Structures are given as structure tokens and as C-alpha cells.
Amino acid sequence: MGKVVAFVDLDYFFAQVEEVEKPELAGKPVVVCVYSGRTEDSGVVSTANYPARRYGVKAGIPIKRAKKLLPPEAVFLPIRLQHYTQLSRHVMSILDRYADRMRIESIDEAVLDITNRVGGDFEKAAEYVAGMKTEVLRATGLRCSVGVAPNRVVAKIAADISKPDGLRVVKSEEVEDFLSPLPVNSIPGIGSKAAASLAEMGVKTVEDLKQLSLETLEKLFGRKRAEYVYFAARGKYDEPVEPRPPPKQVSRIITLKRNTRDVDDVIAELSRAVADGLARMEALQAAASRVGAVAITSDLRTITRQAEIRPGASYEEVLKILRKLFQEILQQDARLQLRRAGVRFSDFVSQAGQSTLSGYIE
DNA sequence: TCAATGCACGC
DNA sequence: CCCTTTTGCATTGA
């Protein structure tokens, strides 16, 4: 028997949370912002609600540009990530009760295998999922969009298309007709770069994409991605719904008050992020054996350097190594100015003889 | 095999 | 006209 998979996506999540908690925002454009602290209004839009989107405001655009696009009644709020995380957990705990197996994809997305819950029946799935949406709404005030399909890729696309507050079921026999007319970038994993190279070849829709051989795709995307795209375009990319494994790396990045090539400045401004990253590692019960410096230059290029550390290295030890790494980066080009700086912990090793390395053999 | 880079995707 | 943050993965080049 084929699977029944539901993909749940909380609508414009962060902005929706603000709307739910502040009824006076009703009907107004709401923009949740990541302020970088460099100047007043420097930073980007994290999420915008639908009234704001009508003016062309969306995730990723500069706050300044959003202010120009929107009328005076628009409301700009700073991101409250911890709060959204709490609400997300609440929602996920509800969703979990509706699933045979669930995978939390991100703060606002989850994939549920509901095959047994609905006896493999897509008609039943529609009602079942509608009930789930209602419970989430009653418990939290939040609306979500849900796609139901035989696998997670198609389910995600169905959820995307149904937004906001949507519910779209795509039965097995409907999958091909559902996918064919969609633009190639509807497929998760095909972003702007991949879509652009495909467009150059005249490939615009999933139907067009299906005409390309595995070999052609391989030349465009490399082996792994080609295989994924090949099957995804046919609605046949399938994998079991399994919980997300623990993170393999922890990183923190900050925007510097001003561009600099002074290592002391960089380290001073980065220190809080380092402490924060170490706290996250502690919470994960993980110890890194590598640490990396991430430098973003004034022209927004990214340069990275890594070094080995003693797993469980202290804050001071980490700062010392980071200082060396940033020095290396700056020395490679005397003209470099850093705009942003970050730290990355990776290559985790865990205690008690366990190994996080997948290739580990007893 | 390792280090560095780039793409994707999310908000 | 301005440019945040986090993680995973694949490719590339040595």
C-alpha cells in the first residue's frame, strides 16, 4: 500500500503570531524584522503578512525598502525567535498526535506520515487533516496550510499552492497532472540559480523538465541533485518519514557595527555569539572537534577558515583560535574589509564511546 | 580525503 | 537601493 503523507506549513508564521497576540494589527500590513543594529532600520524582513505582501514586501528584502513600499499604517516589529519557538513546540506537539511518524522540518514546517491513521484512504485524509487544522487553530489561534500526497515532495508542493489556510489533497493518480503545469522552481531544491540555468534551455515547467534525461540533468546539477530532480519531477521521489537527526554543526553570525579589518574589533563583537554557540552546543550535549571562522566581506563575499580544537574547549580557547583564523583571512588580502563575522562548530564527537560519524564501525 | 565555497530554504 | 541568519549538502580543487 502507498503512503499518505501530510506536509504542514504554518502560514507567514512569525507575522501571524504577532497578529494573533495583537488584535489591533488586524488588517494592517505587518512586517517582522531582523534589525542588524548597524544603523536605524538596517536589516532585512524576516516575514510579512499578506496585506504587506500585496505591496511587494516579502522575506529577505531590506527593511528600508519595505518602509518605502508600505503605507504609514504598516507595523514593523522586531523578531522574537524564542517566543515563536515556544509556540512552534506547542503546535508540533499537537501535530505529533495525528501522525504515525513525524519529522519537524523547521520552526514552521512538519511532515507527517498518516497512512495508518486514515487507512491509506485519501478521502478520509482530507477530513482527518481538516480536523487537525481546527485543533491547531483552537489551541493556538494559528492557521496553517496542509498538503496531502503519496510522498513528501508532492505534499510540500500541494501545501505551498494551497496557502494561506489551505488544504490540498493530491491522490496518487492525480500526481502527474498536478505537477506537469507547475514552474520548475515549485520543486523544493530548485532555487533561483537552478531555475535560471533551466530557463536558458527553454525548460520552464515540470512537464518540460521531464523531457530531460538523467544524463542531461547530471551535467547541469551533478549526480545527486540530478537524481533527486529526475524523480521529483515525476512525483516519485520517496523516502520514509523519519525524525530529523540531531544537528551536525552549530553556527552564529553577527553584523559588525562598521566594516573593519581590526581583529580585536572582530573578536570583541563576536564574543557574545561564541558564548551563545557554546551554550547551544551544551544544550545539545555535543562537543565539536573543529571550529571555523566565517568572514563576510564588505562586498558580501564569504571566506571561511577552520581549525581543529580540543572537544570541550573553553570559551577562551575558542576565542584564541578564532583570532588566529580571522588573522589568516585578513592577511590573505590587505584590502579586505569585514562586514560580518561568524563562528561555526562542527565535527561533533559525543561521549561514552558513541560516535557521530556515520562511517564508524565497531 | 580534506578544506573551502556555493546553493537552497526557512523565517 | 540595500544586503539577516542557520543548517545541510554537494561540488570543486588541491
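Visitor: Where does Q285 lie?

Guide: Q285 lies in the loop between α12 (263-284) and β10 (287-297). Helices (H or I, at least four residues) and strands (E, at least two) are DSSP runs, numbered from the N terminus. Before we go on, the ground rules. This is a predicted model, where local features need pLDDT of at least 70, side-chain atom pairs count only at pLDDT 80 or more, and totals for chains, interfaces and linings use all residues. Residues are numbered from 1 along each chain as its sequence is written, chains are lettered from A and ligands numbered from 1 in the order in which they are written, and side-chain values use heavy atoms, with hydrogens and water left out.

Visitor: Why is Q285 called exposed?

Guide: Buried means under 20% relative accessible area, exposed means over 50%, and partly exposed is in between (1.4 Å probe, protein chains only). Q285 has a relative accessible area of 53%, so Q285 is exposed.

Visitor: What is phi of Q285 near?

Guide: Phi of Q285 is near 60°. That is a positive value in a residue other than glycine.

Visitor: Which residue has a positive phi of about 55° although it is not a glycine?

Guide: That is D347. D347 has its place in strand β12 (residues 338-349).

Visitor: What makes D347 partly exposed?

Guide: Its relative accessible area is 39%, so D347 counts as partly exposed.

Visitor: How do you know that K163 and D9 form a salt bridge?

Guide: A salt bridge is a side-chain nitrogen of Lys or Arg within 4 Å of a carboxyl oxygen of Asp or Glu. In K163 and D9, the closest N and O atoms are 3.1 Å apart, and the pair forms a salt bridge. K163 lies in the loop between α6 (152-162) and β8 (167-169), and D9 in strand β1 (residues 5-10), so the pair ties together parts that are 154 residues apart in sequence.

Visitor: Is D9 buried or exposed, and why?

Guide: D9 has a relative accessible area of 3%, so D9 is buried. K163 has 32%, so K163 is partly exposed.

Visitor: Which residues are linked with D9 and K163 in a network of salt bridges?

Guide: The network links D9, E109, K156, D160 and K163. The structure holds 25 salt bridges.

Visitor: What is the peptide bond from K163 to P164?

Guide: The bond is cis, with omega near -10°. P164 is found in the loop between α6 and β8.

Visitor: What makes K67 and D41 a salt bridge?

Guide: Their closest N and O atoms are 3.2 Å apart, and K67 forms a salt bridge with D41. K67 lies in helix α3 and D41 in the loop between β2 (30-35) and β3 (43-48), so the pair ties together parts that are 26 residues apart in sequence.

Visitor: Why is D41 called buried?

Guide: D41 has a relative accessible area of 19%, so D41 is buried. K67 has 35%, so K67 is partly exposed.

Visitor: Which side chain meets K133 in a salt bridge?

Guide: The side chain of D165 does, at 3.0 Å, N to O. The pair links distant parts of the chain: K133 is in helix α5 (residues 122-140) and D165 in the loop between α6 and β8, 32 residues apart.

Visitor: Why do K133 and D165 carry their labels?

Guide: K133 has a relative accessible area of 13%, so K133 is buried. D165 is at 38%, so D165 counts as partly exposed.

Visitor: Which residues gather in a patch of positive charge on the surface?

Guide: K58, K64, R65 and K68 do. Patches are made of residues with over 30% relative accessible area and no salt bridge; like charges are joined within 9 Å, nonpolar side chains (Val, Leu, Ile, Met, Phe, Trp, Tyr) within 5 Å. Lys and Arg count as positive.

Visitor: What makes K58 exposed?

Guide: K58 is at 52% relative accessibility, so K58 counts as exposed. K58 is found in the loop between α2 (50-53) and α3 (63-69).

Visitor: Why is P243 called exposed?

Guide: P243 has a relative accessible area of 57%, so P243 is exposed. Its place is in the loop between α11 (223-233) and β9 (249-260).

Methods: Areas by Shrake-Rupley, 256 points an atom, 1.4 Å probe, with all protein chains shown as cover. Charge placed at Lys NZ, Arg CZ, Asp CG, Glu CD.
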